[in-house]
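Hello,

Here is the structure I promised to pass on. Please open it alongside this note, and read on for what turned up.

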Amino acid sequence: MKISVAMAYYNGGMYIEEQMDTILTQLGAQDEVIVSVDGASDGSKPLLLKMAEEDKRIHVIKGPGKGVVKNFENAIRHCSGEIIYLSDQDDIWRPDKVKKVNEAFLNPKVKAVLHDAQIVDECGNPTGAEGLFANRGSRKGILKNLIKNSYVGCCMAFRRELIPVICPIPKEMYMHDYWIGTAAEYMGEVCFIKEPLIDYRRHSSNVTQMTHGSMSFMIKKRIDIVRCLGLLKRRVKEAGEEIEKVNG
């Protein structure tokens, strides 16, 4: 199975070389890393271009400049692999991540895979904090994940067949990873691997935060999400009908 890694990039020059090294060592010659660049005002653009020149599996593309959700969507749209891994620009993939995630996809019913992560500081040292699964009470379930999202993008991979269902991501959907995970639940099964397969780096420059907004903000966003789920269900139904037509 060809693998694509979709990375949303924004001023990540401090950690990108270490992260990219931990990814590339696990990929085959036919695989690819799509880096959608929303900003490189930290001076990292020449570094990205040099990395892409030295390893043809890296493809640097211009981002839409509309925030992290649309930046990830842009990267996903450019992926050609059968299995698509989401990646942040500053984490550390453990050496057996791809092997163990790909093994989960041997079950044809599995549409997405989610694994645990260890929390580390900016230097890559364990913080002693509980892992992401424990922090979020991670498990499948539409209602459960509406209340508290288990689907953390940097710990996810999904099948290419989800792309027509998840794209375009509605502007009201502020969590691309929740959107993808829920689509996978509607279309089949999600496999949860309880082992941490990345070191999840937390530092002052993180684009995503582990804390939530105000109560009014969270209520408004949940209402928006519920409205979006109706659209997602329609897309899943249309995709199923299209598959039935193709299969005769």
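**Surface patches**

Start with charge: a patch of negative charge on the surface brings together Glu 238, Glu 241, Glu 242 and Glu 244. Bear in mind that this is a predicted model. Glu 244 sits in helix 9, which covers residues 215-247. Is Glu 244 buried or exposed? Its relative accessible area is 58%, so Glu 244 is exposed.

Helix 9 also holds Met 215. That residue belongs to a nonpolar surface patch, made by Met 215, Ile 219 and Ile 223. The patch comes to about 320 Å². Met 215 counts as exposed because its relative accessibility is 62%.

**Cysteines**

How many disulfides are there? The count is zero. As a reminder, a disulfide is a covalent bond that joins the sulfur atoms of two cysteines. The cut-off used here is 2.5 Å between the sulfurs.

Take Cys 123. The closest cysteine sulfur to its own is in Cys 154, at 19 Å, so the two are too far apart for a bond. Cys 123 is exposed, with a relative accessible area of 60%.

Now Cys 155. The closest cysteine sulfur is again in Cys 154, here at 4.0 Å. That is still too far for a bond. Cys 155 counts as buried, because its relative accessibility is 1%.

**Salt bridges**

The whole structure has 14 salt bridges. Three of them are described below.

- Arg 57 pairs with Asp 55, and their closest N and O atoms are 2.8 Å apart. Arg 57 and Asp 55 are both buried.
- Glu 73 pairs with Lys 70, with 2.9 Å between the closest N and O atoms. Both residues lie in helix 3 (residues 68-77). They are three residues apart, about one turn of the helix.
- Glu 103 pairs with Lys 99 through their side chains, at 2.9 Å from N to O.

Back to Glu 73 and Lys 70 for a moment. Where do they stand on exposure? Glu 73 has a relative accessible area of 5%, so it is buried. Lys 70 is partly exposed, at 24%.

Why are Glu 103 and Lys 99 separated by about one helical turn? Because they are four residues apart in helix 4, which spans residues 97-104. Glu 103 is partly exposed, with a relative accessible area of 41%. Lys 99 is exposed, at 54%.

**A contact across the sequence**

One more pair to look up. Leu 24 lies in helix 1 (residues 16-24). Leu 24 is buried, with a relative accessible area of 11%. Along the chain, Leu 24 and Trp 93 are 69 residues apart. Their C-alpha atoms are separated by 9.8 Å.

**Where to look**

- Helix 9, for Glu 244 and Met 215.
- The buried pair Arg 57 and Asp 55.

Best wishes

Terms used: Residues are numbered from 1 along each chain as its sequence is written. This is a predicted model: local features need pLDDT of at least 70, side-chain atom pairs count only at pLDDT 80 or more; totals for chains, interfaces and linings use all residues. Side-chain values use heavy atoms; hydrogens and water are left out. Patches are made of residues with over 30% relative accessible area and no salt bridge: like charges are joined within 9 Å, nonpolar side chains (Val, Leu, Ile, Met, Phe, Trp, Tyr) within 5 Å. Accessible areas come from the Shrake-Rupley method with a 1.4 Å probe; for residues, only the protein chains shown count as cover. A salt bridge is a side-chain nitrogen of Lys or Arg within 4 Å of a carboxyl oxygen of Asp or Glu. Lys and Arg count as positive and Asp and Glu as negative; His and the chain ends are not counted. The place of a charge is taken as NZ of Lys, CZ of Arg, CG of Asp or CD of Glu. Helices (H or I, at least four residues) and strands (E, at least two) are DSSP runs, numbered from the N terminus. Buried means under 20% relative accessible area, exposed over 50%, partly exposed in between (1.4 Å probe, protein chains only).
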